[in-house]
Amino acid sequence: MSLRPRRADAVVIGGGAAGMLCSALAAERGLDVILLEPNAALGKKLRITGKGRCNVTNDCPAAEFIQSLPGDGRFMQSAIHRFGTGDTMALFERLGVPLKVERGRRVFPQSDRAEDIVRALERYMRAGGVDVLHERAEAILTGGDGVRAVRTAEGDIECRSAVICTGGLSYPGTGSTGDGYRLAAELGHMVTPTRPSLVPLESPDGFCREMQGLALKNVRLTAFEDGREIYGELGEMLFTHFGVSGPLVLSASAHMRGFPGKKYRLSIDLKPALDAEKLDERVLRDFGKNKNREFRNALSELAPHALIPVLVERSGIAPETRVNSVTREQRRALVSLMKDFTISISGTRPVAEAIVTAGGVSTREVDPRSMQSRLAPGLYFAGEVLDLDAYTGGFNLQIAWSTAYVAANSLRS
């Protein structure tokens, strides 16, 4: 089979959130753009984000957005000011996707359908004449002036600019296989060690398995690293057969960046609306209504059914103790346990179960004002392939939108 010569102004590698927007914006500039995506469908990971609803962005000021990046947030200063969260919302509204703002200023399509975001981007690309080829980039070829072609199994595509938008390693079934790291490394870029972020956590504590399936709402979760508080928030979490998961846990995991060297634990305040004194009064009232019952049968109004046996065991109070025999010290120990229910953390679940990948192409080797490589002229990066990650709430997708915008408007024509 003869390989046909092909040519474009720019080749965008990866048809996810960053790649789709980058190619559409570059085409809008009048550039001839080819988008390479080995999957049969574009936006495969985007379609499942936010449990299929797609948390498009977060309706917050630029300063708050920067604070939501636990790593090198300064790298995003220029990008978020050039294309911020309000710009993202305006763009998708213009593309025909009405949006809504929910708790925590999370922004979703009014339809609650991630598919609508993907289709809007596909329409945007078609309108600009982006040529989508379902091929895998095998190498980026450079010469004296930098990027000169992208090689695929179907032949080389001559170009002056190439953008790596391949994502990270999370959700490998969607095509996030680390190709971008390889392509960048082959051109001399440093790829910082990758690790899972926004990921469930594993615990050696047997009571987690005992309570698997139990969801706790309106609790406060605090995370500690070597005894120092690194995260605290109100919300929901879930016990599983391996440890813990749920929104609070995923957010906490983004702060746990020192495995395996550092020691981590979680603390749950089961009654955050009550201080210890008020909770003690509440326990006293409940005990007064159940004074002749056994301790193990007197907590039904204080805790979920699945949690009670664990509370009883960890309280140190014999289960068969009559409530009217529980001492003041024992009662206060129970209150202390409910205000500080600790969980040991041994590690994270695999990166394949993470929402995002932390680590990636070093931002030190990328110009934040253009997303262009400092090592290879004409090579650009956007999205999760970069060593950038953020907390939950739409911030990670905003990284994709902002970096894609900057790259698209910096490409060599």
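Reply:
**The open sheet and other sites**

Seven strands, the 7 of an open sheet, follow the order β18-β17-β14-β15-β16-β13-β19 with antiparallel pairing; strands pair if DSSP finds at least two bridges between them. Strands (E, at least two residues) and helices (H or I, at least four) are DSSP runs, numbered from the N terminus. The edges are β18 (341-345) and β19 (347-348); each has a single partner strand, so one side of each is left without a neighbour in the sheet.

This is a predicted model: local features need pLDDT of at least 70, side-chain atom pairs count only at pLDDT 80 or more, and totals for chains, interfaces and linings use all residues. Residues are numbered from 1 along each chain as its sequence is written, and side-chain values use heavy atoms, with hydrogens and water left out.

Within the sheet, β14 (residues 215-225) and β17 (residues 264-269) pair in the antiparallel sense over 6 bridges. F224 stands opposite R265 in β17. Helix α11 (residues 328-339) lies across β17 and β18 and runs at about 115° to β17. Here the axes are lines fitted to C-alpha atoms, for helices over the stretch in contact, and angles run from 0 to 180 degrees between N-to-C directions. Contact means heavy atoms within 4.5 Å.

Next, R6. R6 is placed in strand β1 (residues 6-7). R6 counts as buried because its relative accessibility is 8%, where buried means under 20% relative accessible area, exposed over 50% and partly exposed in between (1.4 Å probe, protein chains only). Beyond its neighbours within four places in sequence, R6 is in contact with residues including L133, T152 and I157. The side chains of R6 and E135 are joined by a polar contact of 2.9 Å, and the R6 side chain reaches the backbone oxygen of G155 at 3.1 Å. A polar contact is a pair of N or O atoms within 3.5 Å; within protein, one must be able to donate a hydrogen and the other to accept it, and residues adjacent in sequence count only if both atoms are side-chain atoms.

Last, the cysteines. The count comes to 0 disulfides, a disulfide being a pair of cysteine sulfur atoms within 2.5 Å. C22 is in no disulfide, and the nearest cysteine sulfur, that of C165, is 4.9 Å away. C22 is buried, with a relative accessible area of 0%. C165 is also buried, at 6%.
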